[in-house]
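Here is a short briefing on a protein model. Keep the structure in view while you read, and find each part as it comes up.

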Amino acid sequence: MNFLAIDASTEACSVALTFNNQTISEFELAPQSHSLLLLPMIDRLLKKADIKLAQLDGLIFGQGPGSFTGVRIGVGVAQGLAFAADLKVVGVSTLQAMAQKAYRLHQQVEVIATIDARMSEVYAGYYQLNAQGIMEAALNDTVLPPAKLAEYLSGCLTENQQVYGVGTGWDAYKTQLEALKINAGTPEIIFPHAEELLDIGQYYFSKGMAVSAENAQPVYVRDTVSWKKLPGR
């Protein structure tokens, strides 16, 4: 099965392609440049694999949470490509992708993923490994003040239990969060990668969870954005 995965939901931009049991990918840390990078990255991978978009079996995209603009760009590109090649799509949580990377690299089977959501909040998710080798959400992804993360996790973790942490939220709110994770200091994994989207997305395809392009939806978690009117405006 041949699949393309793309992610633009954080400061990182990544694309991965699996074809004939081989995987190739590109990754670049490039804030605010995703709209310029994604299509050329995709084109290079397809040319390297010597396949056309229409030869793929499906497309996988990072659906958020993360940057509002980045998530929209990723979903928009996924929809455009899927419409053009008549492909089904599946979305994968940004937080889940980072948790999957912790399993792939370090065999971690329980992971807390956080992303700095600005406005003194974090996007957060708690993931556990299932029998198929996929990190599945034990709690719904959420957005909350860092001081409330322990309460969010209380139904799954015992008091003072620490779990492996990934994502940008840990450094952004070190004072409030550090005691919750077992890996001290800055996490090794702070951004998602499209290669993990491939693993999770193929699992979702196998379970019949793919949808048509028009039904590809972002997941913002936060449904409102706080803003202040500038003086004189």
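The points below cover confidence, the sheet, its helices, the aromatic pairs and the cysteines.

This is a predicted model. Its mean pLDDT is 94, and 95% of the residues reach 70 or more. An open sheet of five strands is the place to begin.

**Confidence**
- Residues 224-233 are the stretch to treat with care: pLDDT stays under 50 there.
- For residues 224-233, the model has three contacts beyond four places in sequence.
- Where pLDDT is low, the predicted coordinates should not be read in detail.

**The sheet**
- The strand order is β3-β2-β1-β4-β5, and the pairing is mixed.
- The edge strands are β3 (22-29) and β5 (89-93), and each of them pairs on one side only.
- From one strand to the next, the twist averages 15°.
- Strands of a sheet pair through backbone hydrogen bonds, either parallel or antiparallel.
- β1 and β2 run antiparallel and are joined by five bridges. F3 stands opposite T18 in β2.
- A hairpin through four residues leads from β1 to β2.
- β2 and β3 are also antiparallel, with eight bridges between them. L17 has I24 in β3 as its bridge partner.
- The hairpin of β2 and β3 has two residues between the strands, and N20 takes a positive phi near 50° there.
- β4 (residues 58-64) and β5 run parallel, joined by five bridges. I60 stands opposite V90 in β5.

**A buried strand**
- How many residues of strand β2 (residues 12-19) are buried? Eight of the eight are buried, so β2 is largely enclosed by the rest of the structure.
- In a regular strand the side chains alternate between the two faces of the sheet.
- Both faces of β2 are covered. A12, S14, A16 and T18 are buried on one side, and C13, V15, L17 and F19 are buried on the other.

- Helix α3 (residues 94-106) lies across β1, β4 and β5. α3 runs at about 75° to β5.

**Aromatic pairs**
- The count comes to three aromatic pairs. Two of interest here are F3 with F205 and F68 with Y220.
- A pair of aromatic rings is described by the distance of the centres and the angle of the planes.
- Why is the pair of F3 and F205 called tilted? The planes are at 50°, so the pair is tilted; the centres are 4.8 Å apart.
- F3 sits in strand β1 and F205 in helix α7 (residues 194-206). The pair links distant parts of the chain, 202 residues apart.
- F3 and F205 are both buried.
- F68 and Y220 form a stacked pair, with 5.0 Å centre to centre and 25° between the planes.
- F68 lies in helix α2 and Y220 in the segment after α7, so this pair ties together parts 152 residues apart in sequence.
- F68 has a relative accessible area of 22%, so F68 is partly exposed. Y220 has 25%, so Y220 is partly exposed too.

**Cysteines**
- The disulfide count comes to zero.
- Is C13 buried or exposed? C13 has a relative accessible area of 0%, so C13 is buried.
- C156 has a relative accessible area of 31%, so C156 is partly exposed.

Methods. Residues numbered from 1 in each chain as written. Predicted model: local features only at pLDDT ≥ 70, side-chain atom pairs only at ≥ 80, totals over all residues. Heavy atoms only, no water. Disulfide = S-S within 2.5 Å. Buried < 20%, exposed > 50% of the residue type's maximum accessible area, 1.4 Å probe, protein only. Pairing = 2+ DSSP bridges. Axes fitted to C-alpha atoms, helices over the stretch in contact; angles between N-to-C directions. Contact = heavy atoms within 4.5 Å. Phe/Tyr/Trp six-rings, centres within 6.5 Å; stacked < 30°, edge-to-face > 60°. pLDDT = per-residue confidence, 0-100.
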